[in-house]
Amino acid sequence: MRTHGWSGTTPADDTEAVERIIAAARTAIERSGADFTMAEIARDLGVTRQTVYRYFANADALLTATALTETGRFLDVLAAHLDHLTDPAEAVVEGIAYTLESLTADKYLGLLLTPGRAGASSPGITSDTALTFGRSILERFAVDWAAAGIDDRRLDELVEHMLRIVQSFVLDPGRPPRQGADLRTYLTTWVAPALRT
């Protein structure tokens, strides 16, 4: 870790440096949205751009890391919302529906799951970042996946399937867009049966 800059207060270690960079990115996102630059982050921290690049390869990587850090709050809310659902099909249907309904209200979740800058540095909805995020969602469900006959490999496939469904609704919500009971009925008809076989 470099020992100069940082507006006179050098981080104790690399972990603290990363935390400060993410905090600066969060401030930039709150100020002007996802279109911040590495130069802006460096200026806010009192370091050079090279210092920021040492920790994050580009603005997209920093944006994704910041969004992942901030979505922990959403995961807690989602887990609480689903804590009464132990049936895999019901939990997945409600998890997808609730996530879709939350995209517009949760700026960081939107950064992770909607097309745009956060996905520019990855292959898309099936990137390692998205799959890890999706797996962390399923692991918070009150479902006993093993008892339901869903092993780790199938759970990973389920994560991918759920993310693809979310992506399709984001790209084309339908005409008119499905929401509420209509969205849940659609998902129960076409997604739930795959979990009940």
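Mentor: We begin with a term: a residue is buried under 20% relative accessible area, exposed over 50%, and partly exposed in between. Keep in mind that this is a predicted model. As a case, Glu30 has a relative accessible area of 48% and is partly exposed.

Trainee: What percentage of the 197 residues in the protein chain is buried?

Mentor: Buried residues make up 43% of them. The accessible surface of the chain is about 10,100 Å², and carbon and sulfur atoms hold 52% of that area.

Trainee: How many helices and how many strands does the protein chain have?

Mentor: The chain has 11 helices and zero strands. Its C-alpha trace spans about 60 × 40 × 30 Å along the principal axes. Among contacts with a separation of 6 or more, 66% are between residues 24 or more positions apart.

Trainee: How should I think about a nonpolar core, and which residues touch the most other members here?

Mentor: The general idea is that nonpolar side chains tend to be buried together in soluble globular proteins. In this model the largest nonpolar core has 63 residues, and Ile41 and Phe141 touch the most other members. Ile41 is also one of the buried residues of α2. Leaving out residues up to four places away in sequence, Phe141 touches Leu78, Leu82, Ala91, Val92, Gly95 and Met162.

Trainee: Now the charges. How many positive and negative side chains are there?

Mentor: There are 19 positive and 27 negative side chains, and the centres of the two sets lie 6 Å apart. To see how such side chains pair, use the cut-off for a salt bridge: a side-chain nitrogen of Lys or Arg within 4 Å of a carboxyl oxygen of Asp or Glu. The structure holds 17 salt bridges.

Trainee: Which residue meets Glu30 in a salt bridge?

Mentor: Lys107 does, at 3.3 Å from N to O. Glu30 lies in helix α1 and Lys107 in helix α7 (residues 107–113), so this pair ties together parts 77 residues apart in sequence. Lys107 is partly exposed, at a relative accessible area of 38%.

Trainee: What is the partner of Arg140, and how far apart are the closest N and O atoms?

Mentor: Arg140 forms its salt bridge with Asp76, and those atoms are 2.4 Å apart. Arg140 is in the loop between α8 (128–139) and α9 (152–171), while Asp76 is in helix α5 (residues 72–82), so the pair ties together parts 64 residues apart in sequence. Arg140 counts as partly exposed at 36% relative accessibility, and Asp76 counts as partly exposed at 46%.

Trainee: And the pair of Glu94 and Arg184: buried or exposed?

Mentor: Both Glu94 and Arg184 are buried. Their salt bridge has its closest N and O atoms 2.6 Å apart. This pair links distant parts of the chain, with Glu94 in helix α6 (residues 88–102) and Arg184 in helix α10 (residues 180–190), 90 residues apart.

Trainee: Let us turn to a single position. In which helix does Thr66 lie, and what does Thr66 touch?

Mentor: Thr66 lies in helix α4 and counts as buried at 0% relative accessibility. Apart from residues up to four places away in sequence, Thr66 touches Ile22, Ala25, Arg26, Ile29 and Tyr108. The C-alpha atoms of Thr66 and Lys107 are separated by 11 Å, and the two residues are 41 residues apart along the chain.

Trainee: One last item, the backbone. Which residues does a cis peptide bond join?

Mentor: The bond is between Arg175 and Pro176, with omega at about -5°. Pro176 sits in the loop between α9 and α10.

Conventions: Residues numbered from 1 in each chain as written. Predicted model: local features only at pLDDT ≥ 70, side-chain atom pairs only at ≥ 80, totals over all residues. Heavy atoms only, no water. Helix = DSSP H or I, 4+ residues; strand = E, 2+ residues; numbered from the N terminus. Buried < 20%, exposed > 50% of the residue type's maximum accessible area, 1.4 Å probe, protein only. Contact = heavy atoms within 4.5 Å. Areas by Shrake-Rupley, 256 points an atom, 1.4 Å probe, with all protein chains shown as cover. Lys, Arg positive; Asp, Glu negative; His and termini not counted. Charge placed at Lys NZ, Arg CZ, Asp CG, Glu CD. Core = buried A, V, L, I, M, F, W, Y, C linked by side-chain atoms within 4.5 Å.
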